[in-house]
Amino acid sequence: MIAALNRRERMVVQENIRIPELYRQKLIRYAESFQDLAKSLNTMECGEKVSGETDRRDLLEEQKTTENRMLISHNLNEVARIMNSLAEELSYCRPIEERYRKLLVHALRAESIYAEQFCYITDGEDDTRAMSVILHTDRKGGCQATQVANMMSVLLNRRLQLSAASPYMVGQEPKSFVFMEEPKFVALTGFCKVTKENETVSGDHYSILESEKGRMSLILSDGTGSGEQASRDSERVLDLIEKLLEAGYEREAAADMVNVAFFAGGREYSHPTLDMCDLNLYDGKCSFCKVGGASSFIKRGHHVEKISHDNLPLGIFRNAEVHTTEKKLNHGDYVILVTDGVLEAMEGEDYETIMEETVGNMEDVCPGELAEKIMEASLMSCGGHIQDDMTVLVAGIWENVSS
């Protein structure tokens with residue numbers, strides 16, 4: 001096994017695969033152009049002065065123009081960062097060990113599945129987490145790639161799963177497939193939400209994003225107030241965040257971008273919150289990113305830890321105050337995200353401490369049941385009078401017994 005080789009020997013057998021130099025240089029030049037344009041927009045803002053004789057309408061229009069210019073500048077700088085990162089991205093492609101290649105080729109051929117060009121794909125930190133192979137079959141109607149993943153898992157004695165970006169079927173035409181090693185942990189999620197009395201829609205929205213890199217992101221937004229406008233605002237937050245994260249933005253940069261968008265919107269009453277929790281299912285690390293969100297909690301048996309930051313919601317200032325907290329999760333831990341309606345429904349001024357004690361006294365159940373129990377406790381505490389939209393989002397993490 002490659003694990004028996006030292007690092008120097010590994011580097012000998014690895015082949016560096018980089019974006020062709022011509023296109024890499026183009027990306028760098030594009031990035032430089034975007035950075036220069038962003039710099040010119042910033043300079044333009046600093047150089048312009050508003051005359052003291054300018055009336056209020058002109059002043060507001062000038063302020064709006066400046067804010068929009070800063071938003072564009074911010075976008076250009078972040079796109080430039082992504083381009084530079086892509087241009088310098090270096091991957092390693094290492095051929096699979098010969099004995100394993102022969103084993104897989106013969107076993108798959110017995111099932112009329114033909115494989116070639118096996119290799120490990122890594123960023124240099126982990127040598128065998130992802131495996132690439134070209135597959136085709138002469139079976140009529142083809143076969144599911146998940147069946148190949150199961151066969152390879154047995155043959156290699158390691159649990160592999162089909163990459164989300166790979167084709168679902170193996171057909172007669174050769175195609176490239178990527179199989180990922182299953183993460184150390186699995187996560188299950190559940191939620192519960194209720195709408196404020198006399199309202200037809202909730203101002204809270206949540207989303208759960210999963211990536212093929214063994215990551216899961218929980219996202220929760222609470223719109224200002226309640227009703228349709230609050231619902232539109234929090235839904236817009238989720239839509240923007242999802243698109244930015246999928247485009248390659250860092251979590252903090254994405255939050256800042258959404259903040260700028262709401263700040264430039266100019267509506268004084270529109271300041272939704274943003275809660276993000278990123279779970280790494282390979283090592284159990286957990287990262288909380290908050291912009292005005294209510295306190296979150298980690299439940300470890302009967303012990304509960306509060307994650308809280310005193311910062312303002314989105315859109316109040318041009319630069320968001322984004323707070324990030326890193327934690328390590330273990331088998332059986334739960335992550336709990338709530339909107340402020342859930343906490344404020346708890347009886348007493350120190351409602352966060354009451355929530356900690358309440359959740360700590362609950363038995364470990366599936367995430368959906370835990371979310372419902374937390375909501376029931378809040379509703380009982382407030383006598384069933386729902387004064388604000390309430391949402392509970394729970395993720396539980398357990399060791400993957402099949403990995």
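Biologist: Which residues are linked in a network of salt bridges?

Modeller: A caution before the answer: this is a predicted model. The structure holds 16 salt bridges. Some of these form a network, and its members are Arg 215, Arg 251, Glu 252 and Asp 278.

Biologist: Where in the secondary structure do Arg 101 and Glu 98 lie?

Modeller: The side chains of Arg 101 and Glu 98 form a salt bridge, with N and O 2.8 Å apart. Arg 101 is partly exposed, because its relative accessibility is 30%, and Glu 98 is partly exposed at 41%. The two residues are 3 apart, about one turn of the helix, and both lie in helix H4 (residues 98–109).

Biologist: How many residues apart are Glu 111 and Arg 139?

Modeller: Glu 111 and Arg 139 form a salt bridge whose closest N and O atoms are 3.5 Å apart. This pair links distant parts of the chain: Glu 111 is in the loop between H4 and strand S3 (113–122), while Arg 139 is in the loop between strand S4 (130–137) and strand S5 (143–144). Glu 111 is partly exposed, with a relative accessible area of 37%, and Arg 139 is partly exposed at 25%.

Biologist: Which side chain of opposite charge is nearest to Asp 389?

Modeller: Asp 389 is in the loop between H10 and S18. Asp 389 is buried and has no salt bridge. A salt bridge needs a nitrogen and an oxygen within 4 Å, and the nearest side chain of opposite charge is 7.4 Å away. That side chain belongs to Lys 196.

Biologist: Which backbone nitrogen lies 2.8 Å from a polar atom of the side chain of Asp 389?

Modeller: Setting aside neighbours within four places in sequence, the contacts of Asp 389 include Lys 196, Gly 203, Gly 225 and Thr 339. The backbone nitrogen of Lys 196 is 2.9 Å from a polar atom of the Asp 389 side chain. The backbone nitrogen at 2.8 Å is that of Gly 203.

Biologist: Which element gives the most residues to the largest nonpolar core?

Modeller: That core has 25 residues, and the members touching the most others are Ile 336, Val 342, Met 355, Ile 374 and Val 392. Elements that each supply at least two residues include strand S9 (185–194), helix H9 (351–360) and strand S18 (390–399). With 5 residues, the element that gives the most to this core is H10.

Biologist: How many residues are in the other core, which includes Tyr 100 and Leu 104?

Modeller: This core lies apart from the largest one. Leu 135 and Val 170 are also among its members. The number of residues in this other core is 23.

Biologist: Which residue takes a positive phi in the hairpin of S12 and S13?

Modeller: Strand S12 (residues 274–280) pairs with S13 in the antiparallel sense over 6 bridges, and Cys 277 stands opposite Phe 288 in S13. The hairpin has 4 residues between the strands. The residue with a positive phi, near 80 degrees, is Gly 284.

Biologist: Which residue in S16 stands opposite Lys 285?

Modeller: Strand S13 (residues 285–291) is mostly covered, with 6 of its 7 residues buried. S13 and strand S16 (residues 323–328) run antiparallel and are joined by 6 bridges. Opposite Lys 285 stands Lys 328.

Biologist: What percentage of the residues in the chain are buried?

Modeller: The chain's secondary structure comes to 10 helices and 18 strands. Among contacts between residues at least 6 apart in sequence, 70% join residues at least 24 apart. Of the 403 residues in the chain, the buried share is 45%.

Conventions
Residues are numbered from 1 along each chain as its sequence is written. Side-chain values use heavy atoms; hydrogens and water are left out. A nonpolar core is a set of buried Ala, Val, Leu, Ile, Met, Phe, Trp, Tyr and Cys residues joined through side-chain atoms within 4.5 Å. Buried means under 20% relative accessible area, exposed over 50%, partly exposed in between (1.4 Å probe, protein chains only). Lys and Arg count as positive and Asp and Glu as negative; His and the chain ends are not counted. A polar contact is a pair of N or O atoms within 3.5 Å; within protein, one must be able to donate a hydrogen and the other to accept it, and residues adjacent in sequence count only if both atoms are side-chain atoms. Contact means heavy atoms within 4.5 Å. Two strands pair if DSSP finds at least two bridges between them.
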